[in-house]
Amino acid sequence: MAVALAAAAATAACGSDAAAPPPANAAPPASHITTGVFLVPEIASNAVTYDPAKVPQNATATVTESVHGSQTVVTLNVTGLQPSTEYGVHATTEPCGTQPGSAGARYQNRPDPAGVPSTDPEYANTSNELWLDFTTTPAGTAYSTRTLGWTFRPGEARSLVFLDHLTSTGTHDAGDAGARLACLDVDF
């Protein structure tokens, strides 16, 4: 009896869920990682800064997208940005280009029938769009993550745009986060 109690205590201390194998029919999550180093448009490859004062050259961003069934988890890690500064970040419909508007409109799971840019809070919100807003640490780093209740339509979300401030949720300006500062190509 004492041996059985000791074994049960050891199992509880180790965490019985930690040792359990995944179900045999569980598919592994599909993951995609993108990393970019922000450079001026003339020399950028997949990460461009339009405002080197707010997104300095050689700042970095890493995005991880993991699909778990009908959900998507997106994480963002950044380094080299301005210290203690707020940024908005949105998924957009086109790849980055030499001009801030090149990345197209914000990606929406349910597109606003009124068109773009969408400022209707019924469509411009965190349930229908990917917003990864953050405030940097005093060292200019940040981490942001979102779990979405949907998956991206293939080929329709092509980049992340970094913006001047946190995203508004107001009645007439939902989705606004100011000027486009930088862009990272991400093929969601």
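## Reading the cores, the disulfide and the sheet

Reply: Start with the largest nonpolar core of this predicted model. That core has 29 residues. Phe152, Leu160, Phe162 and Phe188 have the most contacts inside it.

Me: Which elements give two or more residues to this core?

Reply: First the general idea. In soluble globular proteins, nonpolar side chains tend to be buried together. Now the case here. The contributors are strand 3 (60-68), strand 4 (71-79) and strand 5 (86-92), along with strand 7 (142-148), strand 8 (159-163) and strand 9 (180-185).

Me: What does phenylalanine 152 touch?

Reply: Leave out residues up to four places away in sequence. Phenylalanine 152 then touches Glu65, Thr72, Val74, Ala91, Tyr107, Leu130, Ala157 and Phe188.

Me: How many disulfides does the structure hold?

Reply: One. Cysteine 96 is joined to cysteine 183, with S to S at 2.1 Å. About the S-S bond the angle is -85°, and the link is left-handed.

Me: Where in the chain do cysteine 96 and cysteine 183 sit?

Reply: In distant parts, 87 residues apart. Cysteine 96 is in the loop between strand 5 and strand 6 (134-135). Cysteine 183 is in strand 9.

Me: Is cysteine 96 buried or exposed?

Reply: Compare its relative accessible area with the cut-off: buried means under 20%. Cysteine 96 has 18%, so cysteine 96 counts as buried. Cysteine 183 has 1%, so cysteine 183 is buried too.

Me: What is the strand order in the open sheet of four strands?

Reply: The order is 1-3-4-7, and the pairing is antiparallel. Strand 1 (30-37) and strand 7 are the edge strands. Each pairs on one side only. From one strand to the next, the twist averages 10°.

Me: How many bridges join strand 3 to strand 4?

Reply: Nine, and these two strands run antiparallel.

Me: What is the mean pLDDT of the chain?

Reply: The mean is 88. Of the chain's residues, 85% reach 70 or more. Over residues 1-22, the pLDDT is below 50. Beyond near neighbours in sequence, that stretch has one contact in the model. Here is the general rule. Where pLDDT is low, the predicted coordinates should not be read in detail.

Technical notes
Residues are numbered from 1 along each chain as its sequence is written. This is a predicted model: local features need pLDDT of at least 70, side-chain atom pairs count only at pLDDT 80 or more; totals for chains, interfaces and linings use all residues. Side-chain values use heavy atoms; hydrogens and water are left out. pLDDT is the predictor's confidence in each residue, from 0 to 100. Contact means heavy atoms within 4.5 Å. A nonpolar core is a set of buried Ala, Val, Leu, Ile, Met, Phe, Trp, Tyr and Cys residues joined through side-chain atoms within 4.5 Å. Buried means under 20% relative accessible area, exposed over 50%, partly exposed in between (1.4 Å probe, protein chains only). A disulfide is a pair of cysteine sulfur atoms within 2.5 Å. Two strands pair if DSSP finds at least two bridges between them. Axes are lines fitted to C-alpha atoms, for helices over the stretch in contact, and angles run from 0 to 180 degrees between N-to-C directions.
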